[in-house]
Amino acid sequence: MRPSRIQFRYWVQSVTEFISMTISFRLTIHLPQRSCTSLLNLKRTKPIITVTALGQPVCSRVGDSAISKIFPRIFVPIQLALSGDADITSDFIVPDGVTPNADFFTFKGLKQALRGAPKDAPFKVTKASQAEFPALMGQSVSYAVLQFAPGGINPPHTHPRSAELLLVVQGWLQVGLVVSLLHVDSNNTLFTQVLRTGAMFVFPKGLVHFQANKDPRYPAVALSAFGSANAGTVSLPKTLFGSGIDEDVLAKSFKTDAETIDKLVSAATMG
């Protein structure tokens, strides 16, 4: 049984409101040119509703099985929704006991990190997040400078609260991104790219990625921008092998022996 015009209008409005509250989707209604653009004619003109997720259409013409076609594709991305910075009700936030002035809105802690290799480490991160720069609290922005010695790597990791926009400012880097969302036909697809000075790469929020300086002679430096004052970092090696998960569980999960897992755990514990 086809829905009435009023029921259909209510259904479209409910779906639109539900999507807008949960994840960034767009609902578009396409009407044939011969029809009136009023929703009152939706039943006669057989409209096509397109739900766009992450820039890709994920549903087709509305018919008797419209709900069964659209909703299974909507609910999976919604389950992948991640956290972000909360909106604030003031222009900025000042910690207790602090009087804001020009110095409060100034940060100079990245100056020494913008050139050259890190000292005494193959890789170093220098952050300008709300912990180091309190004026960023509530502003949903932050920076980090990544310094790589020759052969240095930033191991696979994720940022649960923000995408990362990386700009190479010295040398070159190989970067990798693992994608397993619906807009890619296959699961766990690795995208890699070589970035020279001046090139940028975006790592979407919550996806596993890494950077590596494959140059055997020269350092590399990159500047990362985040859409969060505290993007968070989840390092896969430390999370898996340095968090105390039973070694037998890890050995069976990775289909290897206990001795190999013991070495990995020791390395992750040492940092």
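Asp248 is partly exposed, at 43% relative accessible area (buried means under 20%, exposed over 50%, partly exposed in between; 1.4 Å probe, protein chains only). Lys252 is exposed, at 60%. Their side chains meet in a salt bridge, 3.4 Å from N to O (a side-chain nitrogen of Lys or Arg within 4 Å of a carboxyl oxygen of Asp or Glu). The structure holds one salt bridge. Both residues sit in helix α5 (residues 247–253), four residues apart, about one turn of the helix.

This is a predicted model: local features need pLDDT of at least 70, side-chain atom pairs count only at pLDDT 80 or more, and totals for chains, interfaces and linings use all residues. Residues are numbered from 1 along each chain as its sequence is written, and side-chain values use heavy atoms, with hydrogens and water left out.

The largest nonpolar core has 18 residues, of which Leu146, Leu166 and Leu173 touch the most other members (a core is a set of buried Ala, Val, Leu, Ile, Met, Phe, Trp, Tyr and Cys residues joined through side-chain atoms within 4.5 Å). β8 gives the most to this core, with four residues. Helices (H or I, at least four residues) and strands (E, at least two) are DSSP runs, numbered from the N terminus.

Last, the sheet. Five strands form an open sheet, ordered β9-β8-β11-β6-β13, with antiparallel pairing (two strands pair if DSSP finds at least two bridges between them). β9 (189–195) and β13 (234–235) are the edge strands. Two bridges join β6 (residues 153–158) to β13. Thr158 has Val234 of β13 as its bridge partner.
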